[in-house]
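Biologist: I'm new to this structure. Could you pick one stretch of it and take me through it closely?

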Amino acid sequence: YGGGADSPAAAYVGDRYLATQPVARLSRDRSIVVPYEFFSIAELGNVQPGRTPVFADFRNRYPADAVSYCRTGSGFGKNVFNGQGPYAADGDCAPNAATGFSALSARPDFIGNDAPYSLADYDAFLLNLQAERGAVVQIPVLAQAVAIVYCDGNGLPPGLNFTTETVCRVFGGNIRDWSDPRLGLNLSPPRPITVVYPSAGSGAGFALSGFLQNNCNGRFDLPAAQFRQSADFVVAVGDALQRYAAASPQPGEAAAVATVRQTAGALSYAGIGEALNQGAMYARVNSFDPATLATPNIAPANVLVGKVLNNGTIGDAPGTLSNAQRNCMRLIAPTAPISSAYPIVGVSYLNAYYAGNADKAPALRNLLRQFLRPIQSNPVDPRVALPPGYAYLDGNALYRGMLNAAINSCIN
């Protein structure tokens, strides 16, 4: 039983939840019938046949095991995982007001997370659950393109192409109207840009803010410290928020995309899976389409061991931990070149507990390995194909070997 990040849901569970009313947060294998719930639940899979989600394929490979996953967002997922706040995994994964993951116990077996653990996140775990579960395990599993979505009404054409400069200027509050000649759209004013963003933070926001921090600070008439990588958009853009023509906070990534689709001149950001699922218009960046993402080749040096984020910097995992426990944190360096084409790409992680997994430990190891190509030299890749805009991360054998070793030693 798990839950958390929305953005990778199309790869993890498929899109059948979109066919439920109200739209289900909870997707689970058809073999899972407890706990019994009175609200909408989706089966793992896709509305259009032909592609098997990763968690459904896990059941195909290991018939004795199955997965339930609740889409709540990374922040909610980490709070549940850390035993923090009023919610627990055995709360309801209801469509409109989730209080947990609809699990059988208060602790989840894993969470999906596309804003990797920070110093504050790990401190919260240590305070609440270190004695019970030992340490946090973090394994990178997927890359996903983050799309710039917009409403193509109000004279805006479909298929916009942004450059790095125009992305920086729009989110920096330097370009505030679609008629600005630097966008090259030849529109008459006024056509104000409404920036829509998830107020609860999101993994897509974490990835976008990393791009903005690395490519925009000190450039294009922006201050040297304008952007800071953070899942919280307000923190990430700083005082640029005050320069927008209009801003619209929404409770989550799905709501932000839905709002953009209904608001002339609106713009936001989202994992490409959410954008495609809702049929939202999105822009190319530097002429690259976010729906075509090649498999990254992550150098082992860019897999940081025992590290967490700390206000835009990298630090050691905190607390009194053994080296074995601390080294279960695997973080893709924020500056790592993940894509040589489309430039705004985030990393999705799965988190599990170091200790206390009992008889579920073998199944959890297998679930994490589901994302890795076998180490053995084998021309046949048994993994399922991913939706457009997603990619597995294991482009080389050294990377696969070090993650396999971590999985074997860290799930106990």
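Modeller: Leu104 is exposed, with 54% relative accessibility (exposed is over 50%, buried under 20%, partly exposed in between; 1.4 Å probe, protein chains only). This is a predicted model, where local features need pLDDT of at least 70 and side-chain atom pairs 80 or more, while totals for chains, interfaces and linings use all residues. Numbering starts from 1 along each chain as its sequence is written, and side-chain values use heavy atoms, without hydrogens and water.

Leu104 sits in the loop between helix H3 (74–81) and strand E5 (110–113) (DSSP runs of at least four residues for helices, at least two for strands, numbered from the N terminus). With Val33 and Val34, Leu104 makes up a nonpolar surface patch, and together they have about 280 Å² of accessible area.

Because Arg107 is in the loop between H3 and E5 and Glu132 is in helix H4 (residues 119–133), the pair ties together parts 25 residues apart in sequence. Arg107 is partly exposed, at 23% relative accessible area, and Glu132 is partly exposed too, at 42%.

How many salt bridges are there by this rule? The count comes to 15. Among them is Asp316 with Lys307, at 2.4 Å from N to O; here Lys307 is partly exposed, with 27% relative accessibility.

How values were computed:
Patch = residues over 30% accessible without salt bridge, like charges linked within 9 Å, V, L, I, M, F, W, Y side chains within 5 Å. Areas by Shrake-Rupley, 256 points an atom, 1.4 Å probe, with all protein chains shown as cover. Salt bridge = Lys/Arg side-chain N within 4 Å of Asp/Glu carboxyl O.
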